[in-house]
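Try each task before reading its solution.

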Protein chains: 2
Amino acid sequence: MTTIAGTSPYTGELLGTATDASTAEEVEAVVGSAMEAVAYLDRAGRSGRAALLRAMAGGLESNSGSLVTISDQETGIGVERLSGELRRAVFQLRFFADVVEEGSYLEAVIDLPADTPMGPRPDLRRMLVPLGPVAVFGASNFPFAFSVAGGDTASALAAGSPVVAKAHSSHPETSRMSFEVMSAAAASIGAPEGVLGIVYGQRAGALLVSHPDVRAVGFTGSVSGGQALMDLIAQRDRPIPFYGELSSLNPLIVSRTAALERGSEIGAGLAASVTMAAGQLCTKPGVIFVPAGAEGDRLVAVFAEKLAAAPVSPLLNQRIFDSYGEILSTLGAVSGVTRLVAGPDPSEGGFRVAPALYSISAKDLRKDTAEECFGPASLVVRYTDHAELLQALELVEDSLTLTIHIGENEADFTEQLTKVGLSKVGRMVYNGYPTGVAVSWAQTHGGPWPATNSVHTSVGATAIRRFLRPMTWQNAPVSALPAELRDGSCLVPTRINGRISMPDGYTEK
Amino acid sequence: MTTIAGTSPYTGELLGTATDASTAEEVEAVVGSAMEAVAYLDRAGRSGRAALLRAMAGGLESNSGSLVTISDQETGIGVERLSGELRRAVFQLRFFADVVEEGSYLEAVIDLPADTPMGPRPDLRRMLVPLGPVAVFGASNFPFAFSVAGGDTASALAAGSPVVAKAHSSHPETSRMSFEVMSAAAASIGAPEGVLGIVYGQRAGALLVSHPDVRAVGFTGSVSGGQALMDLIAQRDRPIPFYGELSSLNPLIVSRTAALERGSEIGAGLAASVTMAAGQLCTKPGVIFVPAGAEGDRLVAVFAEKLAAAPVSPLLNQRIFDSYGEILSTLGAVSGVTRLVAGPDPSEGGFRVAPALYSISAKDLRKDTAEECFGPASLVVRYTDHAELLQALELVEDSLTLTIHIGENEADFTEQLTKVGLSKVGRMVYNGYPTGVAVSWAQTHGGPWPATNSVHTSVGATAIRRFLRPMTWQNAPVSALPAELRDGSCLVPTRINGRISMPDGYTEK
């Protein structure tokens with residue numbers, strides 16, 4: 001029997017508690033329970049699902065102490081940051097409760113019978129309905145906010161789709177405890193156990209995405225991990241959507257003016273952004289374009305100085321630790337690359353590493369020079385003019401974000417780079433840093449491949465759309481219609497005959 | 001050099017005009033032009049794209065005579081029905097112009113800076129942006145409304161994505177003429193030629209979906225054709241969304257009460273629905289559940305009588321003609337199946353066939369008994385009670401539609417079948433027929449696999465969502481924002497800090 005146990009990033013040693021990998025029968029049973037919970041989530045309606053999300057949020061909040069302790073043991077992310085991340089997961093569950101109650105996400109539409117240039121139109125009423133059980137594969141770097149208790153789970157449950165999570169091998173006990181706390185909260189309000197399930201081990205994960213009753217997959221992880229699941233999905237009799245958030249270099253560009261005006265400040269800001277969570281954020285700026293010459297030198301000097309002074313911190317697991325060393329040693333050997341800050345320092349024990357900074361001229365940059373690297377490292381690319389910058393940017397893979405630091409009176413430059421962003425990323429950041437992804441209505445955490453493989457966001461209100469599909473009722477008797485599509489009181493924002501109507505009192509939230 | 005030519009369904013003979021298959025260089029050039037048109041469609045804005053769609057609609061309308069003539073030669077669908085279909089395509093282009101002008105499809109959201117439980121939130125503004133060039137593979141059975149001039153093209157252009165259509169081998173001249181008329185209309189308002197392109201031949205189609213600059217595929221056709229394209233897409237370095245509308249049995253259920261009350265009327269309605277467009281509609285009712293015994297006999301008798309009296313009509317092409325004969329001969333040989341109306345009558349010449357009707361008891365139905373059959377044929381399934389009906393329904397593949405005919409006081413039965421529909425189809429039809437798919441805001445033409453592989457509709461306003469992705473601007477200077485996201489006048493329905501605001505005068509359309 002395979003067992004799953006975490007490893008301490010502080011010591012590199014296996015942690016005490018081991019879990020048996022789920023058997024095929026267990027996977028079957030968990031998916032079976034999820035199928036049984038579909039009817040409950042439908043019956044519960046929007047208010048019932050909002051209550052479920054809030055109960056789960058409350059459960060996590062009440063158990064934050066032990067959740068943070070165990071997750072720090074498994075991830076080495078640190079108690080302070082993990083406490084913040086747990087607050088984020090709690091906030092996110094409550095946010096989706098609000099989203100469900102507000103109800104716009106249903107995209108309710110009523111076309112009353114009418115004569116049209118195409119002849120008589122029947123009574124047509126449409127809204128979005130849940131897909132069915134969703135498999136959720138969380139991320140190593142966010143044991144709460146992008147894992148069992150994370151955004152995929154919150155948005156799928158909000159949609160009315162039961163969730164089966166696959167416990168992450170880097171934090172199995174955090175996964176288990178999150179699951180137990182959320183399940184207990186669900187039970188406390190009378191929800192069946194199938195609303196949230198969990199399975200352990202890689203084989204169980206494979207069985208899960210291949211299971212005929214699983215109707216969508218949410219995944220946050222590496223391109224190779226995502227590709228492996230996509231290959232399994234391609235072999236299914238019945239294709240299902242796979243929503244992968246995969247890889248991102250997050251180019252950041254500093255204009256000549258910005259470098260002159262705020263070089264030191266940006267250098268310090270970059271060091272903070274690159275070392276946040278030991279550089280293991282999917283929005284870490286991985287390639288930083290800085291003007292060549294004196295204008296950029298001060299920024300780079302401060303950036304390097306702050307990085308060199310930053311503490312040595314543990315990476316999440318052995319694979320990421322090994323990969324950090326390998327990627328940087330490959331990068332260091334590239335012709336034209338200079339090492340500005342030293343990097344890996346394995347002497348400290350566990351999976352601890354030191355920050356690293358490399359530099360290259362834009363003219364020497366090649367398509368494979370920069371690749372995503374989990375860990376506190378970044379590559380500075382020095383450019384001489386806009387033409388060289390734009391050419392070099394084309395060599396950077398599409399990403400989650402593109403950030404630009406600009407000075408006053410650079411509207412043309414800004415517009416030009418915004419256009420680049422429109423074809424390459426899902427979020428443009430101006431005079432800021434891409435790390436820090438607010439959970440809100442307007443957020444996009446997504447982007448063209450390889451950032452994601454989807455046309456959706458995995459953070460923010462509209463992440464819910466991934467687990468829904470449209471359904472139309474034609475000439476339906478009132479008893480067959482969902483409450484939101486019945487005549488009379490408008491419960492949610494509803495498009496009637498082409499124009500949106502609001503529920504009474506809608507604006508006075 | 002391969003050439004493409006249509007065949008007359010009336011005579012079975014090759015039509016005069018042949019087109020050379022597009023070479024790899026030609027495909028490259030067409031996609032290159034499409035890429036160049038991306039910036040134009042962006043600059044044109046919503047009003048410019050609405051004007052483009054309306055110009056194309058006008059062009060098709062002005063050339064309707066010759067378009068209908070050539071398409072009748074290639075498809076045998078008949079002048080009257082094709083005239084109606086062309087009106088539908090024209091209406092659809094204008095409808096999407098309205099959708100673009102109304103602007104809700106952008107899903108504009110503004111989160112102003114605020115303090116949140118997660119700390120300060122930056123200024124975040126989000127809307128949907130076009131994906132880039134879209135490949136459109138039209139359907140044999142709708143040479144206008146689901147082909148070059150069809151809904152995929154209209155919704156992609158509305159989204160701001162240039163289109164490259166692959167001419168259908170069953171109606172290459174209709175495809176070419178549609179393309180020429182729409183291109184001339186585009187040129188007349190100053191649009192570059194890349195907004196709409198066309199390629200000919202199967203190899204060109206394969207090159208198109210494999211091209212790195214093609215960012216999405218719209219497809220209407222068979223499961224096998226769709227699967228072949230999905231396999232090609234799976235081999236791409238960069239995955240892209242494939243929106244396939246594939247196959248549908250469209251189960252229709254008649255309750256005992258409805259059969260008693262309106263048996264003759266429903267029988268006649270079914271015959272009309274099954275023979276419409278020679279039974280080649282993707283929403284044709286292919287499996288019809290009728291109560292066993294005297295209550296259902298009258299309905300079946302009228303249905304059979306009307307079908308037997310219906311005219312012999314040509315099918316679209318040799319493949320469909322051959323397949324019609326094969327499917328029915330397989331079905332006729334199934335144990336328990338009775339032939340009620342005779343079917344194929346190849347003596348009439350061309351691809352003409354006669355309607356056919358088969359019957360089976362629900363208890364004898366197997367998963368593979370009913371398969372989608374293009375042509376004027378259907379299978380009646382006689383059920384004795386609700387339990388038997390529900391069990392038999394489970395054997396029917398998920399579909400675009402589920403239709404129920406019910407009497408008064410059958411709310412429980414209706415609710416039960418609506419629940420079945422919620423897990424199996426994209427549109428529930430009550431006391432009507434699934435054929436006839438209105439182009440409107442509330443329409444859904446989609447459903448679980450194998451009906452489609454997507455969580456979207458291919459007909460109606462929201463079809464536009466398929467060719468868009470979300471984009472967020474964080475702390476952007478006003479000059480970098482699209483007009484719709486700037487402060488001040490609200491141009492489109494916009495969610496601001498979580499609540500939707502309407503443009504001035506919005507309701508007075």
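**Exercise 1: the cavities**

Task: find how many cavities of 30 Å³ or more the structure holds.

Solution: The structure holds 9 cavities of 30 Å³ or more. A cavity here is a set of points on a 1 Å grid over the protein atoms alone where a 1.4 Å probe fits but cannot get out. This is a predicted model, so local features need pLDDT of at least 70 and side-chain atom pairs pLDDT 80 or more, while totals for chains, interfaces and linings use all residues. Residues are numbered from 1 along each chain, chains are lettered from A, and side-chain values use heavy atoms.

**Exercise 2: the largest cavity**

Task: work out which residues are closest to the centre of the largest cavity.

Solution: Start with its volume, about 800 Å³, meaning the space filled by probe spheres set on the points. Next, take the 41 lining residues, those with an atom within 4 Å of a point. Closest to the centre are A:Ser104, A:Glu107, A:Arg495, B:Ser104 and B:Glu107. Finally, sort the lining: 23 nonpolar, 9 polar and 9 charged, where Asp, Glu, Lys and Arg count as charged, Ala, Val, Leu, Ile, Met, Phe, Trp, Tyr, Cys and Pro as nonpolar, and the others as polar.

**Exercise 3: the cysteines**

Task: say how many disulfides there are over all chains.

Solution: The search finds 0, a disulfide being a pair of cysteine sulfur atoms within 2.5 Å. For B:Cys373, the nearest cysteine sulfur, that of B:Cys282, is 14 Å away.

Note on methods: On a 1 Å grid over the protein atoms alone, a cavity is a set of points where a 1.4 Å probe fits but cannot get out, and a pocket is an open set with protein on both sides within 12 Å along at least five of seven lines; lining residues have an atom within 4 Å of a point.
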